[in-house]
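Hello,

Here is the structure for you to look over. My notes follow below.

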Amino acid sequence: MSLDEKFFAIKKGLLEFLVLKIVAGEKVYVADILRQLSETEFSTQEGTLYPLLSKMRREGLVDYEWKESDAGPPRKYYELTAKGREHLRETLDYWGKISGTVKNLGQK
Amino acid sequence: MNKVITINLGGTAYQLEEGGFDALRAYLDTAAARLQGNPDRDEIISDIEQAIGEKFRALLNSYKTVVTAKEVSAVLADMGPIEAEPGATAGAAATGTGTGSAAPESGATHQPGGRPKRLYRVYEGAMISGVCNGIGAYANIDPTLVRLAFVVLTIFWGAGIAVYFAMAIIVPSARSPEEKAAASGAARFTAQEFIRRARAGYYDAMKSFPDRHARREWKRRFKQEMRGWRTAFRQEASQGAASFRPHWPPPWTPGAHPGLGVALPLFSLLHGTLTIIWLCALISLLATGALFGLPLPSGIPVWVGLILLMFVFGFFAWPLKMARRAVYYHGFGGPGWTWPFIFVVDALVWLAFAAVLIWLARHYLPQAREAVHHLPAVFHEAADNVRDWWNKK
């Protein structure tokens, strides 16, 4: 079992966190998010991202607005809501704690 | 040389090779099935359609106007399988068929996705009063199959007609655009809906009736034929009953025999089980052209197989049905009860038993749940098979 397979479930669970981080940076549309993720270990596809974004929107973490594009029909550009920003801050704190634990455990 | 099919994705027309079209349809069908119960299903699907359209557009230029089957599969592979949300799957399983009913906070805002579905009669493309059309739209099944089901119901149980007319009276017809949208649960004219209508030969049928007279004449003849069938079957049924009656002990006073209470559910259970086995056989024959993986002997076309299957079922079900009729007849004081009434009660009882069995299977057998999940796709496939066969003739 490769490390990639071992961490499959953890990576999947972290995806929402990472999408929050990406959306926090600037207004993005789905292809932007995919491009940013594709350079990392968290590379994913539309089939996963669209349902995830719709769930996050339903939970009030992100919202979108339609913007004209130079090629083709208008696109949905996503941004964080106030609730999403709060959630991101909490998650970052929590993540800091976890990674601290991983680093320090077992060391003397 | 390949056939090309034009589709509408997010408001733009694309031309696909036929193989690519089939792949895209299968992908969207699977996506819709996976997102069952998700209040934003329609919105996600239209997002996905638009994303696919964008990828298609990147492949085309003024000299290349058709997306090949290979390119479609490449695009679909790039999209990746649609994943149901981890949180939503549990909810979807719990609420079961209650699609769209669970969208309290999202429905309040501007969003068009979680529109509740309602059963309406749909006149567009209807044959008689739009009952079958409405059921088809509601369950996302080809209306031709619903009509076929009603005809089969009528032939074997007679109650098809009664159920049909009852529904024609009770079920409201969709008149306003909102009601029409609610009939199929579709907020927008998605590619899937477009494909469904195109496949259903909806536009062809309109072409083949150039004027109102021809259409009306055809309708009249159809109704007449149905009436003829009904009387013929009723006669047959009453003859069957007449020949059965002498073998049954003379009438008791109402509800006299203690065995009746045991016999009736037993007969109903047997009849329901038989019906389900028969339905499974029918679906497998329609969808794959083989009976549970067993191919038909060469030289026997699918439609002959279908008729044979119906006869075999009728052969086994007839005694059971007659026995149950006789139980009703005697258990409820006989002569006061006329035949049509017994038809209805009989049909309701075995339908209830069949429904309970299906529910139990769905609840306790993962395979059965899977099968129910794939049913819409199987029905589409079956409709295609029947139509191909019809066109070949």
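Contact here means heavy atoms within 4.5 Å. Leaving aside neighbours within four places in sequence, Leu24(B) is in contact with Ile7(B), Leu16(B), Ile52(B), Phe56(B), Val72(B) and Leu76(B).

This is a predicted model: local features need pLDDT of at least 70, side-chain atom pairs count only at pLDDT 80 or more, and totals for chains, interfaces and linings use all residues. Residues are numbered from 1 along each chain as its sequence is written, chains are lettered from A in the order written, and side-chain values use heavy atoms, without hydrogens and water.

The cores. A nonpolar core is a set of buried Ala, Val, Leu, Ile, Met, Phe, Trp, Tyr and Cys residues joined through side-chain atoms within 4.5 Å. Buried means under 20% relative accessible area, exposed over 50%, partly exposed in between (1.4 Å probe, protein chains only). The largest core has 48 residues. Val19(A), Ile33(A), Leu16(B), Leu24(B), Ile52(B) and Phe56(B) touch the most other members. Helix α2 (residues 8-25) of chain A gives the most to this core, seven residues. A second, separate core has eleven residues, including Cys132(B) and Phe150(B).

Chain A. Its secondary structure comes to five helices and two strands, in the order α-α-α-α-β-β-α. Helices (H or I, at least four residues) and strands (E, at least two) are DSSP runs, numbered from the N terminus. Of its 108 residues, 40% are buried. Val102(A) sits in helix α5 (residues 82-104). Val102(A) counts as exposed because its relative accessibility is 63%.

Best wishes
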